[in-house]
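Me: I have a structure open here and a few quick questions about it. Can we go through them?

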Number of protein chains: 2
Amino acid sequence: MADRRLKLCGWGFEGDGLSADEETALLQRLSERFNVAEVERLVAPAAEDAALPKPKLSIPAALSDFSSDGAYDRAVHTYGKSFPDYAYIYDDVFTNAPDFVAYPRTEAEVEAVLDWATGARVAVIPFGGGTSVVGGVEPMVGDGFAGAISLDLTRLDQVLEIDRSSRAARIQGGIRVPDMEAVLKREGLTMRHFPQSLEMATLGGMIATRSGGHFATLYTHIDDFVESVRMIAPQGVMESRRLPGSGAGPSPDRFMIGSEGSMGIITEAWMRLQDRPTFRASSAILFDDFYKAAEAVRAVSQSGIFPSNLRLLDAGEAYNNGFGDGQQSVLILAFESADHPVEAWMARGTEICRDHGGIFEDEAGNDPEAHRSGKAGAWRTAFIRMPHYREVLMSVGVIGDTFETSITWDRFREFHDEVKAATQSAIEEATGQPGTVTCRFTHVYPDGPAPYFTFQGQGRPGAMIEQWRHIKEKASEALIVQGGTITHHHAVGRDHMPWYTQQRPETFGSVLDAAKRQLDPAGILNPGVIVP
Amino acid sequence: MADRRLKLCGWGFEGDGLSADEETALLQRLSERFNVAEVERLVAPAAEDAALPKPKLSIPAALSDFSSDGAYDRAVHTYGKSFPDYAYIYDDVFTNAPDFVAYPRTEAEVEAVLDWATGARVAVIPFGGGTSVVGGVEPMVGDGFAGAISLDLTRLDQVLEIDRSSRAARIQGGIRVPDMEAVLKREGLTMRHFPQSLEMATLGGMIATRSGGHFATLYTHIDDFVESVRMIAPQGVMESRRLPGSGAGPSPDRFMIGSEGSMGIITEAWMRLQDRPTFRASSAILFDDFYKAAEAVRAVSQSGIFPSNLRLLDAGEAYNNGFGDGQQSVLILAFESADHPVEAWMARGTEICRDHGGIFEDEAGNDPEAHRSGKAGAWRTAFIRMPHYREVLMSVGVIGDTFETSITWDRFREFHDEVKAATQSAIEEATGQPGTVTCRFTHVYPDGPAPYFTFQGQGRPGAMIEQWRHIKEKASEALIVQGGTITHHHAVGRDHMPWYTQQRPETFGSVLDAAKRQLDPAGILNPGVIVP
């Protein structure tokens, strides 16, 4: 029911994927460590041929104008983009497929879905970009429901109003980032919140999951760009007032932000925007020692110069992304502004990095295209292409996944070492041989970094989900035991619930539970997510 | 029960107040417009002689070690620092005095109070600095309770732990800002969150009320400095995890921040700190036109240079604070840093202001003491002394109060004019003659300013509370009708509840109501505040 059809197994739309050259380079790199050549490559079923269960529900008349129970629609709404999601697709397992998919075009149609589902006790799974890597969009709802449907919000895709003076816009929740940016660009504006999922991600999905954008400091989460939110719950609309700032009670926005579809459907938001940057400076800085590099990052993060990029890649992470020699850590330092040249900012950032032993290998300076060239440019390209790699990795029998967190600086070194060691041990336990665990910082705060771990291990066809689950559980346990968060920006979903419930105060859990009973008394909204 | 005793009628501790010179200058300025010379000056009763009602409760044995029902303790915990608070004190009205005051020294004693009060159905009013200007600490709880006590938290006054590397500290909720800063200073650290109430304000009170600090941009509310919070509710402890950033569900911190004592008692928080600034630049810039000045402020706020000060005073506001000629608006522009010289930042800020017609009268430049000299210095002094003026104003029959809000830039001009006109009309209706209404910006965001209004009118002794109430109601109504917030940083308290309940989404009100039933089932905590 869309012009560009979602891809079933893999990232993006049908036809998207790695180029032949990218795939060759990837397989070459993997073969240094894993037996990718010996594996019979997995092939995913076509969406139309997926082994779907018979629907438990038929589409009611009130929703028939904008709903479909076609095989394609049900299949592509069964999973997100996580490792186990892909594994189940390759295995042709669609046990939890939605009974049908609703594609509302108006808020009235959203309300019609919620009304019907509340009465019929049908679980409703909100679906935006469908990019969840944490089991956020899977209709796995248990036996307490008459059925489960997917609520695809991508037809609510308009920029409704632009306030140039306040640099803000009222935007529907189902719009994808590139479509939104295209409209804003006509006014010289941009939200400049670019998560790695940016090709597919929708505004409402990003707000519901507290997404992390490409700004490494200051405006890290989408939270700060939200001026007001409009959310439809079964018991009514929750719409906050458009305000630059307020001190009137606990923030209603911060209650809706991060609710992951468990409290209501985000149909609209007023978002804070920016002018399009015209001044840029970018450098790649090499460090012999990861922890010394982290100290440089700490100093920059506490200096008040707020670089747009401050991403530190450990030696293995840099190498795996196609640059660096595998021996040195690489720090990408960049500034951007729509208002003023950034020399003074870059000069101070450079000075701090040099003081901490950083070596400026190449570019530096104020080349406005620097962010597209050199190591910074190589990183930018790798970052955007990264989501396309997973389907190939898995098809050749490599278990590969990422997890991310945050921790205060005082704990960082021990935390990093403990989490990395726990993950390495778990890979060996699960696969019988060593794997790789690398780390980068995606976002940095004055009081600590947000480390992002990538691991790979040799999979055994037929057992890869169990192997993955062992590693995931051990890594998640380490994050929580060592004092981190179970997620800095990937969200909670179903996969992180066991650790989320340990992390958040139990009393706050009881508050969320009470809130859900109030807003969604039948408990139909994304059951099992946020509220156990 | 404290070394320095709180003042009953007026700001600060006993002995504090305006100097003779300050009072003479104030009366001189007031006499230009009001008949202050003809009024018989009001005199407040001594705390020990206040007309207190007989207590309805006696102190239970479990709390007797740290509680007092002495006249002084009850009298100074009857009111905050609002206009009607002072008016009632001058009138010797103490109808709502607490039955006794508890001064817990430990969390266990806080829990003992809540346990006893829940069982005895006694209202508990948290009291930190006691600086509320919105009826936040008054034990006015209606007939549904066996009595009401004040819970004075100022004995929980320790900095418990400092993490230099992350620049954070674990601090008890009852510590006052100057005492906290004195401890942090020894480590070269500072929170640098200085509301106008800084002499008296406590950390827990500032978190509970979402206070606004002296930073005019970026880190405006205390919200951003909170790394984690520990709150004791009747149903248990809510303690969030120490994290630099997280995307795990709705923020528990943002639920506790702004709860104004209605959900629990904030006993501790990990706070984000800063290094002490050593680089400073500060200028005062004159504008012939307030709206042109506002445009300059908008441009600076959207430039990404984040000045520490960006306070715009309209002509009347500047004049009333002892500088400016009453014809020109004054903008204070300042930068500060502990890390780097701020010339580049100041240069760009200066350029923007000049482009918008601003005239740099004096200082400018990088004098590290500039924030203490010239107009910027005069403003700094006036700002800190301001809370001492109210008791004198009222004593000579002048109604004087302030209210504050925020609004997006697209609405600012009309909003300002409508709110000002409504307040001016209300003053005339209430007093029979014109008063003054002036405006300044206390905080500024890329999407809008936080305007702060000050009004004065001729009071009629014996009727000043009713006169004030008429003006307050009309002004508050204008704020809400015109799209603003009922408070940007003064909090909700009892005074703002009628407009707060219009402002916040009704569905969010039902969530807060459900949360309170969960955490405080007997409804003893600060009844009537946040949850109606």
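Me: Which way does α16(A) pass α16(B), in a left-handed or a right-handed crossing?

Reply: Right-handed, for α16(A) passing α16(B). Keep in mind that this is a predicted model.

Me: What angle do the axes of α16(A) and α16(B) cross at?

Reply: Roughly 135 degrees, and the axes come within 8 Å. Angles over 145 count as roughly antiparallel. The pair α16(A) and α16(B) is therefore oblique.

Me: Which residues make that contact?

Reply: From α16(A): T507(A), S510(A), V511(A), A514(A), A515(A), R517(A), Q518(A) and L519(A). From α16(B): T507(B), S510(B), V511(B), A514(B), A515(B), R517(B), Q518(B) and L519(B). By class, the contact of α16(A) with α16(B) has eight nonpolar, six polar and two charged residues.

Me: Zoom out. How many residues of chain B are in contact with chain A?

Reply: 77 residues of chain B, against 77 residues of chain A. On the chain B side, helix α16 (residues 506-519) gives the most, with ten residues. That side of chain B divides into 28 nonpolar, 34 polar and 15 charged residues.

Me: Why do the copies meet through the same surface?

Reply: Because 100% of the interface residues of chain B are also interface residues in chain A.

Me: And how confident is the predictor in the complex? What are the ipTM and pTM?

Reply: The ipTM is 0.97 and the pTM is 0.97. For chain A, the mean pLDDT is 95, and 97% of the residues reach 70 or more.

Me: New topic, inside chain A. How do the axes of α13(A) and α14(A) cross?

Reply: At roughly 160 degrees, coming within 8 Å. Here α13(A) is residues 409-431 and α14(A) is residues 464-481. The two helices are therefore roughly antiparallel. The crossing of α13(A) past α14(A) is right-handed.

Me: Who meets whom there, between α13(A) and α14(A)?

Reply: On α13(A), the residues are E418(A), V419(A), A422(A), T423(A), A426(A), I427(A), E429(A), A430(A) and T431(A). On α14(A), they are Q467(A), H470(A), I471(A), K474(A), A475(A), A478(A) and L479(A). This contact of α13(A) with α14(A) has nine nonpolar, four polar and three charged residues.

Me: What about α3(A) and α14(A), at what angle do their axes cross?

Reply: Roughly 170 degrees, and the axes come within 10 Å. Helix α3(A) covers residues 83-90. That makes α3(A) roughly antiparallel to α14(A).

Me: Which residues meet in that one, from α3(A) and α14(A)?

Reply: F83(A), P84(A) and A87(A) in α3(A) meet M464(A), I465(A) and W468(A) in α14(A).

Me: How does the contact of α3(A) with α14(A) divide by class?

Reply: Six nonpolar, no polar and no charged residues for α3(A) with α14(A).

How values were computed:
Residues numbered from 1 in each chain as written. Chains lettered and ligands numbered in written order. Predicted model: local features only at pLDDT ≥ 70, side-chain atom pairs only at ≥ 80, totals over all residues. Axes fitted to C-alpha atoms, helices over the stretch in contact; angles between N-to-C directions. Helix = DSSP H or I, 4+ residues; strand = E, 2+ residues; numbered from the N terminus. Parallel < 35°, antiparallel > 145°, perpendicular 65-115°, else oblique. Left-handed = near helix turned anticlockwise from the far one by under 90°. Contact = placed C-beta atoms within 7 Å. Nonpolar A, V, L, I, M, F, W, Y, C, P; charged D, E, K, R; others polar. pLDDT = per-residue confidence, 0-100.
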